[in-house]
Amino acid sequence: MGEQLQRVEEALRASVRTDDDFLTELASHLIKAGGKRLRPAAAVAAAAVGGRPTTHEVVLGGVAVELVHLGSLYHDDVIDEATTRRTVESVNARWGNLRAILAGDFLLARASEIAAGLGTEVAGLLANTISRLCEGEVRELQAMFDPDRTEEAYLRSIEGKTAALFSSACRIGAIVEGSLDRPTIDALTEYGRCLGIVFQIVDDVLDITRTEAELGKPAGHDLEEGVYTLPVIRTLARHDDDGELRGLLGRPLTSAERDKALGLVRTRDGVAEAVTAAREWADRAGAAVAPLPDGDAVRVLRQAAQDLVDGLLLR
Ligand code: GRG
């Protein structure tokens, strides 16, 4: 995987080069800052099920999905008024919202150009994925500060804002590989969807469980923003008979109230239940590819789903 991801890296940097040095700088800012490149890795790993060397088209599929991810981060940081991202100053903090939005649009446009070069189906798929990201994000905004947000509503939101892109990463990798049949492409798409759900649940757990020292900023950012994620939803639904947590939510919190709410979510069973839910989704990811002919690539995918839970929790 290392060599393929190196190829992704080079193509990613090349994809945002323009005649305008300032636009290139804006568009390269977060690429240079690193990132785990999980979505390109998912595209490459899905394509590997075909058993052939990674083609340039597969690398470009990975680049297109990472560019959409990056564009969404640029926009998300404007929405959140974030000051840092990937441990560096966010684009909006350094250059302002206007330039951050335009550079995010530019990344989406470059992703679309690359996808169009990979064929009509991939272009349509990527466009639909961008819609689903926006839908998921809007659902999250609509549920802000709502202590009655249901688990179903939470799942629908994260399916859009996170799982849609993981799912499309796998589907695009599988389509452009060129030799895989439709049932296999569909199985890999479902694998990616489940993987994305695992990823977002774990990310949401970490926002509750990590300490301020680990995060470099106060824990409980989601709680503060009024985004009630699975650990909170489970605590409210099953472990809040005295109504102590509910009494704190539904409005902006002082830092003392945030710490109190965090303590309740951490010590009651909501966190443990959310981790169990993440493991169940990891099992579903594994089950999605279980019918495929056994081989190294399928074993890697199944292991990756399990490792995602453990690796991220230990990160
Ligand atoms: C413009 C495409 C577009 C979308 C607009 C803002 C928005 C709608 C959607 C936001 C979606 C979003 C930011 C979801 C969160 C996904 C998430 C957990 C990101 C962090 O991913 P990592 O950890 O990041 O893979 P790195 O830095 O490792 O790449």
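**Exercise 1. The shell around the ligand**

Task: Find out which helices each supply at least two residues of the shell around the ligand, and then which of them gives the largest share.

Solution: Step 1. The helices that each supply at least two residues of this shell are α4 (56-80), α7 (120-142), α8 (151-177) and α9. Helices (H or I, at least four residues) and strands (E, at least two) are DSSP runs, numbered from the N terminus. The model is predicted, so that local features need pLDDT of at least 70 and side-chain atom pairs count only at pLDDT 80 or more, while totals for chains, interfaces and linings use all residues. Residues are numbered from 1 along each chain as its sequence is written, and side-chain values use heavy atoms, with hydrogens and water left out.

Step 2. The largest share of the shell comes from α4, which contributes 5 residues.

Step 3. In total, 19 residues surround the ligand, and the closest are K36, R39, H69, H75 and R86; a residue is counted here if one of its heavy atoms lies within 4 Å of the molecule.

Step 4. Sorted by class, the shell holds 6 nonpolar, 6 polar and 7 charged residues. In this sorting Ala, Val, Leu, Ile, Met, Phe, Trp, Tyr, Cys and Pro are nonpolar, Asp, Glu, Lys and Arg are charged, and the others, Gly among them, are polar.

**Exercise 2. Contacts with the ligand**

Task: For K36, R39 and R86, state how many Å separate an N or O atom of the side chain from an oxygen atom of the ligand, and then how much of the ligand the protein buries.

Solution: Step 1. Begin with K36, where an N or O atom of the side chain is 2.5 Å from an oxygen atom of the ligand.

Step 2. For R39, the corresponding distance between a side-chain N or O atom and a ligand oxygen is 2.8 Å, and for R86 it is 2.7 Å.

Step 3. Taken alone, the ligand exposes 740 Å², and the protein buries 91% of that; such areas come from the Shrake-Rupley method with a 1.4 Å probe.

**Exercise 3. The surroundings of R86**

Task: Describe where R86 is placed, whether it is buried or exposed, and which residues its side chain reaches.

Solution: Step 1. R86 sits in the loop between β1 (84-85) and β2 (88-89).

Step 2. R86 counts as buried because its relative accessibility is 17%, where buried means under 20% relative accessible area, exposed over 50%, and partly exposed in between (1.4 Å probe, protein chains only).

Step 3. The side chain of R86 reaches the backbone oxygen of G34 at 3.0 Å, and a polar contact of 3.3 Å joins it to the side chain of E66. A polar contact is a pair of N or O atoms within 3.5 Å; within protein, one must be able to donate a hydrogen and the other to accept it, and residues adjacent in sequence count only if both atoms are side-chain atoms.

**Exercise 4. R37 and helix α3**

Task: Decide whether R37 is buried or exposed, and find how many residues of α3 are buried.

Solution: Step 1. R37 lies in the loop between α2 (21-32) and α3, and because its relative accessibility is 7%, R37 counts as buried.

Step 2. R37 and V8 are 29 residues apart in sequence, and their C-alpha atoms are 9.0 Å apart in space.

Step 3. Helix α3 is mostly covered, with 9 of its 10 residues buried; these are R39, P40, A41, A42, A43, V44, A45, A46 and A47.

**Exercise 5. Positive phi angles**

Task: For T87 and F145, give the phi value, and then say where each residue lies.

Solution: Step 1. T87 is not a glycine, although it has a positive phi of about 70 degrees. T87 is in the loop between β1 and β2, and it is exposed because its relative accessible area is 79%.

Step 2. F145, also a residue other than glycine, has a positive phi near 60 degrees. F145 lies in the loop between α7 and α8, and at 23% relative accessibility it counts as partly exposed.

**Exercise 6. A pair separated in sequence**

Task: Work out which helix contains E224, and how far E224 is from T254 in sequence and in space.

Solution: Step 1. E224 lies in helix α11 (residues 221-225), and with a relative accessibility of 29% it counts as partly exposed.

Step 2. Between E224 and T254 there is a separation of 30 residues in sequence, and of 8.4 Å in space, C-alpha to C-alpha.
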